[in-house]
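Okay, hi everyone, thanks for making time.

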Amino acid sequence: ALAGSADDFDREWFLHLLELAMERLRAEHPNYFEAVQAFLLEERAQPEIAAALGRSLQDVRNHVHRGRKKLIGYLREEVARYATTPQRHQTELEVMGRWLGGA
């Protein structure tokens, strides 16, 4: 049960950081946010997203790609804010990597 509790904590921690990162993406890059939200969180197909947003498929692809990169950068910044030692920072990045599926 203890390992499960640690996994639950890691998941909750990651989801909190993801929420912070998504809010920042929404504020700083709304076009990227729309594409990332639809593609990664709603799991919609990119052609469907392009039609819904009135954008080209290439624009949506670019926005998803750039948005993911921004999100990862924001998540790394959040981890740096919470980690108190270099070792803890590395551990937190490894946890984040597990939840991102190696992205």
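So, how are H2 and H3 oriented to each other? Keep in mind that we're looking at a predicted model. H2 covers residues 30-41 and H3 covers residues 46-53, and their axes come within 10 Å, crossing at roughly 140°. Antiparallel would need an angle over 145 degrees, so H2 and H3 end up oblique to each other. The handedness of that H2 and H3 crossing is right-handed.

Who's touching whom there? On the H2 side we've got Glu34, Ala35, Ala38 and Phe39, and they meet Gln46, Ile49 and Leu53 from H3. Sorted by class, that's five nonpolar residues, one polar and one charged.

Okay, next pair. The axes of H3 and H4 come within 8 Å, and the crossing is roughly 110°. From H3, the residues Gln46, Pro47, Ile49 and Ala50 meet Leu57, Val60, Arg61 and Val64 of H4. In this H3 and H4 contact, six residues are nonpolar, one is polar and one is charged.

Last stop, still on H4, which is residues 57-82: have a look at Glu78, which sits in that helix. Is Glu78 buried or exposed? With a relative accessible area of 8%, under the 20% cut-off, Glu78 counts as buried. The Glu78 side chain has a polar contact with the side chain of Arg81, at 2.9 Å. If you skip neighbours within four places in sequence, Glu78 is in contact with Leu17 and Leu20.

Technical notes: Residues numbered from 1 in each chain as written. Predicted model: local features only at pLDDT ≥ 70, side-chain atom pairs only at ≥ 80, totals over all residues. Heavy atoms only, no water. Axes fitted to C-alpha atoms, helices over the stretch in contact; angles between N-to-C directions. Helix = DSSP H or I, 4+ residues; strand = E, 2+ residues; numbered from the N terminus. Parallel < 35°, antiparallel > 145°, perpendicular 65-115°, else oblique. Left-handed = near helix turned anticlockwise from the far one by under 90°. Contact = heavy atoms within 4.5 Å. Nonpolar A, V, L, I, M, F, W, Y, C, P; charged D, E, K, R; others polar. Buried < 20%, exposed > 50% of the residue type's maximum accessible area, 1.4 Å probe, protein only. Polar contact = N/O pair within 3.5 Å; in protein donor to acceptor, adjacent residues only side chain to side chain.
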